[in-house]
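Here is a short report on one protein model. Keep the sequence and the 3D view open as you read.

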Amino acid sequence: MRSIALKLTLAFLLVGLTGAVIVALVVRQRTRNEFDRFVLDQNQQFLVHELIQYYRAHGNWEDIDKFFYAARAATPPLLGDPGGQWEARRTLFTIADDDGRVVFAGNSSQVGRQLSAKDLKSSTPLKIDDATVGWLVFTPSIDRWRPGTPEADFLLGVINATWISAAIATAIALVLGSFLAYTMTRSLRELTAATHVLAEGQLGYQVKVHSKDELGTLALSFNKMSSELARANELRRQMTADIAHDLRTPLSVIMGYTEALNDQKLSPTPETFAVMHTEAQHLSHLIDDLKTISLAEAGELPLMYQRISVVVLFRRTADAHRVKADQGQVAIRIDIGPDVADINVDVERMVQVLGNLMGNALRYTPAGGEIRLSAQVEDGEVCLQVADTGSGIAEEHLPYVFERSYRGDKARGGLEGETGLGLAIARSLVEAQGGSIAVQSELGKGTQFTICLPVAS
């Protein structure tokens, strides 16, 4: 049995059938009990009156059995007897004398038996002038309603109606269970088919969301996963193309120079070797970037933690980019908030992160602009900020600036020789040290990167 729909249908059927049978049995038993009580209560007063009259007339309980046989034609009929059904009812009660000894019973073998205190407690006393002359014990049993009596016909009708109702309820449970099982498994069938489509390489495939329950949430999660896979695949293709382009340019330069040198069409001069060395350095830088981001995302990047002041970290970063900032006529300002605690980081890796952010800021900040390095404590963390007054990043590009090789052409388009991995490396290095990085930007007003790190213990 591999079908979930079939399993659910059978489960609904089993639950419905079990519930219907239990209800039918309970209704049957309760109906019998209540009907017995109703019949006996209805006839108790009349029967007590007749028995007391008999005792007054005879002074004892002798020949009481003959009295009941003779009473079949009484009006009103004894115990509702329409005439001729007395035998079916005479087993419903027992009569005992004042000492509790049975003088009349439906089962003649019970005559002479001494009633127990428990039986007497549930019996109805027969009194004449406040003196107890006997006891009336009702012994109702549904099995004693013999076929053909109105009581038996009534109970049989009720029981048949109960079982018919149970059968109808079971059929309804089966129909509703089948419908619900089909409805509940429809999303699962669509998701199963979608996974096959996804496995065949059709990334980004979406399924229809039919409900807002757990299955609907699962469908939404699948659609999001499919979209993310498609976007990740597109970014991978783009990154591969970008890296191939970045590799081709320096390789083409190096190969052109080496071929010219080999064919003796170019003289080996220091300037020639300097160009080749620069291009080789670019290749090495690209390879190092790829290695760093791969190790960081795999959690295998070795980190050397040490306690350091934010001021020292900012000054080292500013000093490293001072010359380039002066050349571009860009001011660098350090602003440290009060009571900013030290942080526990890999200093070299954090210098690399801030260096990437400073490099981007210098690249897109025009002359006369400013880069501000600031820090303050927020929610128990030290937040470092690198803000510039450059061209800014368009809002639609902000969610993707930390992706590998992502370049928003209308915002911060990649320059020749740039790998597009700087911000991806920055995010990986920050997260590897237990921190987080975020960006805020507005076109024409500048960009601010915020790095939040735990306070050093």
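Just after helix H11, Gly434 has a positive phi of about 80 degrees. H11 covers residues 422-432. Helices (H or I, at least four residues) and strands (E, at least two) are DSSP runs, numbered from the N terminus.

This is a predicted model: local features need pLDDT of at least 70, side-chain atom pairs count only at pLDDT 80 or more, and totals for chains, interfaces and linings use all residues. Residues are numbered from 1 along each chain as its sequence is written, and side-chain values use heavy atoms, without hydrogens and water.

## H9 against H11

The axes of H9 (residues 347-364) and H11 come within 9 Å and cross at roughly 150 degrees. Axes are lines fitted to C-alpha atoms, for helices over the stretch in contact, and angles run from 0 to 180 degrees between N-to-C directions. The two helices are therefore roughly antiparallel (over 145 degrees).

Which residues of H9 meet H11? They are Arg349, Gln352, Val353, Asn356, Leu357 and Asn360. Contact means heavy atoms within 4.5 Å.

## What H11 buries

Buried residues (under 20% relative accessible area, 1.4 Å probe, protein chains only) of H11 include Leu423, Ile425 and Leu429. Their cover includes helix H6 (270-298), H9 and strand S10 (436-442).

## One disulfide

A disulfide (cysteine sulfur atoms within 2.5 Å) joins Cys383 to Cys452, S to S 2.3 Å. Cys383 sits in strand S9 and Cys452 in strand S11, 69 residues apart. Cys383 counts as buried at 1% relative accessibility. Cys452 is buried too, at 12%.

Definitions and conventions:
Parallel < 35°, antiparallel > 145°, perpendicular 65-115°, else oblique. Buried < 20%, exposed > 50% of the residue type's maximum accessible area, 1.4 Å probe, protein only.
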